[in-house]
Amino acid sequence: MIEQHSITGLVLAGGLGTRMGQVDKAMLPLHGQSLLQHIVQRLAPQVGLLAINVNTPTEQYAALGLPLWPDDLPGHCGPLAGLQSALRRAGTPYVLSVPCDTPMLPTNLSEKLAAGLLAAEADLAIAVTEEVDAASGERQRRRHPVFCLVRTSALPQLDAYLASGERKVSAWHGPLRVAEVLFENDLAFRNINTPQQLAALQAEGLSVDSAQAMLADAVVPVGEIEQLPVQQALGRVLASDIISPISVPAHDNSAMDGYALRGADLGAGGSLRLQVVDTVLAGRPGTVAVSSGQCARIMTGAVMPAGCDSVLPQELVAQLVQQAGASEIVFDASAIKPGANRRFKGEDLMAGQPALRAGKLLGPAELGLVASLGIASVAVRRRLRVAFFSTGDELRPPGEPLVPGAIYDSNRYTLMGMLERLGCELLDMGMVRDHPDALEAALRQACVQADVIITSGGVSSGAADFTREVLARLGQVAFWQLNMRPGRPMAFGTIAADGHSAVLLGLPGNPVAVMSTFYFLARPTLLRMMGADGAASALPQLRVPAQAAIRKKRGRTEYQRGIVSVDASGRQQVRVTGAQGSGILRSMSEANCMIVLREAQGNVAAGELVDIVLFHGLT
Ligand code: AMP
Ligand code: MG
């Protein structure tokens with residue numbers, strides 16, 4: 001197997017950008033960020049180190065914080081010059097090259113090429129796809145030689161090829177062994193050469209996976225840390241590792257109520273008689289040494305007496321003989337093995353080892369664990385300040401009469417509940433009218449007071465015009481069309497006012513869409529800003545058979561509201577809650593789970609397994 005860390009990823013951005021009118025292709029914007037950022041986000045999780053081959057780096061390149069490697073050969077000789085530079089500098093046994101204009105590149109590119117290279121014992125592996133020829137209807141293989149995993153040891157061949165004046169990406173390998181690795185989805189290899197292609201890609205919308213990766217990439221944890229008593233730390237995120245000052249358990253101890261004895265006394269089995277010389281209780285260690293032929297009455301958790309290494313559970317005692325203050329037990333020595341029912345010192349945790357890592361979200365178990373180590377206070381990140389408001393002229397607060405055409409503001413209440421559960425510090429800014437000045441004033445105030453601003457409504461294509469204009473005035477905000485349902489429109493970016501900046505998450509207006517975009521996009525973003533590790537933000541998913549067929553459109557992720565139940569034979573199954581309209585909040589309340597139907601998935605047949613995320617758990 002080729003380990004991920006032995007691969008250097010290389011983004012080839014060394015070209016002159018002549019095809020799109022002298023613009024630097026890598027910097028073209030797609031969904032509010034550069035093509036290069038898309039590539040980096042997709043490739044970074046697949047490789048050990050990532051570098052960019054670029055000959056005229058701008059600030060935008062430097063901002064990525066990655067090594068920037070120019071061609072060693074003069075005169076812009078094309079991708080091979082970039083590959084040559086990388087093979088010379090990488091310091092890993094493999095380099096994986098990709099072009100800078102293929103923002104949809106496969107997320108399993110590295111893994112598949114590595115497997116193909118090894119299987120064929122090749123020096124390089126390149127991606128190929130199959131396409132159906134429009135004229136003949138035949139399947140044709142298309143090679144993508146720039147998507148190439150190559151052994152660093154191939155450098156002499158590349159040096160010689162370039163020295164001979166040749167430049168062909170498809171032919172440089174000469175006598176080296178090439179593995180061709182077939183990828184199913186040829187669309188993943190699409191590159192951008194014209195403004196029309198870029199516009200087409202933009203119009204396709206953004207996948208949930210990509211949006212999640214973009215969000216994760218764009219935010220960092222809040223810096224401030226506070227020291228809190230354990231009792232006040234529930235729901236907070238640890239700011240540093242907790243190193244155990246003690247071993248747990250602190251001594252070898254008994255796992256049962258019974259008799260502590262010497263394992264050597266058990267001998268070859270048969271009936272055994274031992275004299276009871278002491279009683280040890282939890283919290284009260286023994287006072288006498290236990291010799292051969294003796295034992296001590298012991299309670300669960302009590303310290304093992306010196307010399308003893310085994311515990312006979314009391315229910316295995318055949319006879320308890322008591323006479324004149326002395327007592328003896330009789331039992332079958334083959335009933336236990338030497339070492340039985342003894343817990344070792346440090347079995348749970350050794351002194352000096354990390355009991356919990358920074359980034360851990362503290363739940364009830366963690367509070368107990370910290371306390372069990374004798375630690376009374378912990379360093380945690382400060383709470384995330386989240387300002388939120390609803391937008392829309394049609395909104396009225398609950399408790400007031402409804403005029404014709406108006407609706408009650410419900411989003412602010414669901415948002416409040418979800419944010420409260422996440423442990424954020426809430427700043428409820430009420431309802432904001434659909435007017436540029438009102439919106440700007442609200443955003444400015446929120447910016448000063450909060451780390452994050454969450455809004456609902458005003459981002460759908462019809463509504464977005466003035467929102468777009470106001471947000472553009474205050475910062476850099478992208479308007480996304482997500483391939484998800486419910487929850488197509490969303491805005492994301494950073495805005496600034498009066499020397500303060502804040503992350504903005506503009507959620508859709510439809511009440512169910514607010515919840516789905518919150519849980520699957522905002523929640524991981526907020527947790528990341530809270531400093532929580534990936535485990536905290538990963539929602540546990542289960543696979544359950546569908547009770548009946550579910551309609552699902554391919555090409556978008558659908559979050560359908562589901563009810564998990566147990567059928568007559570005790571098996572779990574899930575059904576949808578009926579009408580799935582994005583305004584039907586009742587469907588959320590009736591449901592006990594979300595059915596997560598992936599982008600590539602089509603209609604679901606009855607009995608087919610689907611992924612679900614349960615609403616309620618132990619946490
Ligand atoms: P918008 O994107 O602002 O056009 O909103 C989309 C839909 O969601 C409209 O039908 C709105 O009336 C509805 N909506 C927007 N905000 C809220 C809210 N705070 N509570 C309930 N429904 C809302
Ligand atoms: Mg609105």
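**Figure 1. Residue classes in the shell around ligand 1.** Ala, Val, Leu, Ile, Met, Phe, Trp, Tyr, Cys and Pro count as nonpolar, Asp, Glu, Lys and Arg as charged, and the others, Gly among them, as polar. On that division, the shell around ligand 1 in this predicted model is made up of 4 nonpolar, 10 polar and 2 charged residues. In total 16 residues surround ligand 1, and the closest of them are E394, D409, S410, G458 and G509.

**Figure 2. Polar atoms of the protein beside oxygen atoms of ligand 1.** From S460, a polar side-chain atom lies 3.1 Å from an oxygen atom of the ligand. The backbone also takes part, with a polar backbone atom of G509 at 3.2 Å from an oxygen atom of ligand 1 and a polar backbone atom of N510 likewise 3.2 Å from an oxygen atom of the ligand. On its own, ligand 1 has 490 Å² of accessible area, and the protein covers 77% of that area. Two or more residues of the shell come from each of the strands β22 (385-391) and β24 (407-408).

**Figure 3. The chain as the setting for the ligand views.** The chain contains 14 helices and 35 strands. Its radius of gyration is 32 Å, well over the 25 Å that the globule rule gives for 619 residues, and the chain is therefore more spread out than a compact globule. The C-alpha trace spans about 105 × 80 × 55 Å along its principal axes, while 48% of the 619 residues count as buried. Among contacts between residues at least 6 apart in sequence, 71% join residues at least 24 apart.

Methods
Residues are numbered from 1 along each chain as its sequence is written. Chains are lettered from A and ligands numbered from 1 in the order in which they are written. This is a predicted model: local features need pLDDT of at least 70, side-chain atom pairs count only at pLDDT 80 or more; totals for chains, interfaces and linings use all residues. Side-chain values use heavy atoms; hydrogens and water are left out. A residue is near a molecule or strand if one of its heavy atoms lies within 4 Å of it. A polar contact is a pair of N or O atoms within 3.5 Å; within protein, one must be able to donate a hydrogen and the other to accept it, and residues adjacent in sequence count only if both atoms are side-chain atoms. Accessible areas come from the Shrake-Rupley method with a 1.4 Å probe; for residues, only the protein chains shown count as cover. Helices (H or I, at least four residues) and strands (E, at least two) are DSSP runs, numbered from the N terminus. The radius of gyration is taken over C-alpha atoms; the globule rule is 2.2 Å times the number of residues to the power 0.38. Buried means under 20% relative accessible area, exposed over 50%, partly exposed in between (1.4 Å probe, protein chains only). Contact means heavy atoms within 4.5 Å.
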